[in-house]
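Me: I'm opening this one for the first time. Can you walk me through it?

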Amino acid sequence: MTKLRVLIAGAGVTGEALAFWLSRGGHHVVVAERSPELRAYGAQVDLRGQGIDAAKAMGLLDRIAEHLVDEPGVAFVDRNGRTRGTIMANTSGTGRQTLTSEYEIMRGDLVQLLHDANGEGVDYRFGVGVDGFDQDERGVTARFSDGSAEDFDLLVGADGQGSRLRRAVVPDDRDPYRHIGIHMAYWFVPRIASDGRIRDTYLAPRGRQIMRRSHNATETQAYFVQRDSSPDFSAIHRRPTADQQAFWADRFRDAGWQAQRFIDGMPDSPFFYSQEVVQVRIDRWSRGRVVLAGDAAHCASPYSGMGISGGLVGAYVLAGQLNRRADDLPTALANYETELRPFVDEIQGTVNPRILNLAMPAKQVGIDLLLGVTGLATALRIPELVARFATEDRGGGWRLPPSPVPPRG
């Protein structure tokens, strides 16, 4: 079997999962992470459908279960904090997940578990990014941010939604993003006695939403979400953190409920993340010996519920093709796209901007109507019953291909 030298740019969920499968396929794997240390932090994420299957194939599902966040459901509250309806997680083992998955976990815990599973079998380069490369039919020479250069057989861009390496695959005149018209910021604040296990969701006029979820005994996650398509909002995510915080605080100061508490906690949070909610939709995921994976190739957005699962599945499929066809990279990369595209189309297609607009009304009368309908539906347990008796989860009927590591004969 041909042994490849593979450089993976990005030590996030997809990069770590891909390194896991390729190293077990016998390849020499280098992971370059621009951050000086493993980015084992971030907000709460989940596994669903095929993502659960991919984690199980890695032998990590039991370890993940040991680190789950205790979030039994999602409550919709009014400005006085009164619960108007609650959708509980589907723990029946059949059907599909609801707004809360059986497998809720902090992103940092998941990244750390994946990293630990790789152990010494992967060569990590922290504090070093891939600034450029040259390639020909024989290989690719990566140029690192520390001024060094090194030769590889393949370069993988697993560097997220804002991928730098995607420019090598997508022409400069093509916008890789499908804009949803929604923006989001999240950070941590100290937990207080009234912060329960169930996630709270609050709606405010002008298409605003606040979410609160508590992942441990001392910390609570705060989320501000707003429906807005203005250029000013898109530009704020590239500004310094202090400017972002001031912008969000100004937008939400009059929102009501616990908005002021969360605003007051912004400056002392261990991190603050502001982003536009987008999907990455591009015609091709590879060019020559450079290939994209995870959010860099096919970000489905948080509203798909399949962002993390999509990254795990994408790594699984790409590694399987490389492990089986290491001596024919063009075929391996072409098959990767052919095999994974139906799954990506399915999870991206579940995001409907019109439905999202309805879920964040502009006026109070719309909010009151939505809360009334939600209260009635949850009193009758309609969302839970629909989930339990569904025949497919959000990834549809697509099934994982055989293990990325072929049996040794």
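**A first walk through the model**

Me: Start with one pair. What is the bridge partner of Phe 76 in S5?
Reply: In S5, Phe 76 has Gly 85 as its bridge partner. Helices (H or I, at least four residues) and strands (E, at least two) are DSSP runs, numbered from the N terminus.

Me: What should I know about the model itself?
Reply: It is a predicted model, where local features need pLDDT of at least 70 and side-chain atom pairs count only at pLDDT 80 or more, while totals for chains, interfaces and linings use all residues. Residues are numbered from 1 along each chain as its sequence is written, and side-chain values use heavy atoms, leaving out hydrogens and water.

Me: Back to S5. How do S4 and S5 pair, parallel or antiparallel?
Reply: Antiparallel, over 5 bridges, with S4 covering residues 73-77. Two strands count as paired if DSSP finds at least two bridges between them.

Me: Which sheet order do they belong to?
Reply: The order is S5-S4-S13-S14-S15-S12-S16. These 7 strands form an open sheet with mixed pairing.

Me: Which strands stand at the edges?
Reply: S5 (83-88) and S16 (272-280). Each has a single partner strand, so one side of each is left without a neighbour in the sheet. From one strand to the next, the twist averages 20 degrees.

Me: Which helix lies across S4 and S5?
Reply: Helix H12, residues 364-379, and it also lies across S13 (199-204). H12 runs at about 50 degrees to S5. Axes here are lines fitted to C-alpha atoms, for helices over the stretch in contact, and angles run from 0 to 180 degrees between N-to-C directions.

Me: Is Ser 301 buried or exposed?
Reply: Buried, at 3% relative accessibility. Buried means under 20% relative accessible area, exposed over 50%, and partly exposed in between (1.4 Å probe, protein chains only). Arg 381, at 41%, is partly exposed.

Me: Now H9. How many of its residues are buried?
Reply: 16 of the 18, so H9 is largely enclosed by the rest of the structure.

Me: How many residues are in the largest nonpolar core?
Reply: 80, and Leu 318 is among those with the most contacts inside it. H9 gives the largest share, 9 residues. A nonpolar core is a set of buried Ala, Val, Leu, Ile, Met, Phe, Trp, Tyr and Cys residues joined through side-chain atoms within 4.5 Å.

Me: What does Leu 318 contact?
Reply: Leaving aside neighbours within four places in sequence, Leu 318 is in contact with Leu 18, Val 156, Val 291, Ala 293, Leu 333 and Tyr 336. Contact means heavy atoms within 4.5 Å.

Me: New topic. Where is His 237?
Reply: In the loop between H5 (231-236) and H6 (241-252). His 237 is buried, with a relative accessible area of 16%. Its side chain reaches the backbone nitrogen of Gln 275 at 3.3 Å. Among the residues that His 237 touches are Gln 244 and Trp 248.

Me: Which residues of H6 are buried?
Reply: Gln 244, Gln 245, Phe 247, Trp 248, Ala 249 and Phe 252. They pack against several elements, including S12 (177-190), H7 (259-265) and S16.

Definitions and conventions. A polar contact is a pair of N or O atoms within 3.5 Å; within protein, one must be able to donate a hydrogen and the other to accept it, and residues adjacent in sequence count only if both atoms are side-chain atoms.
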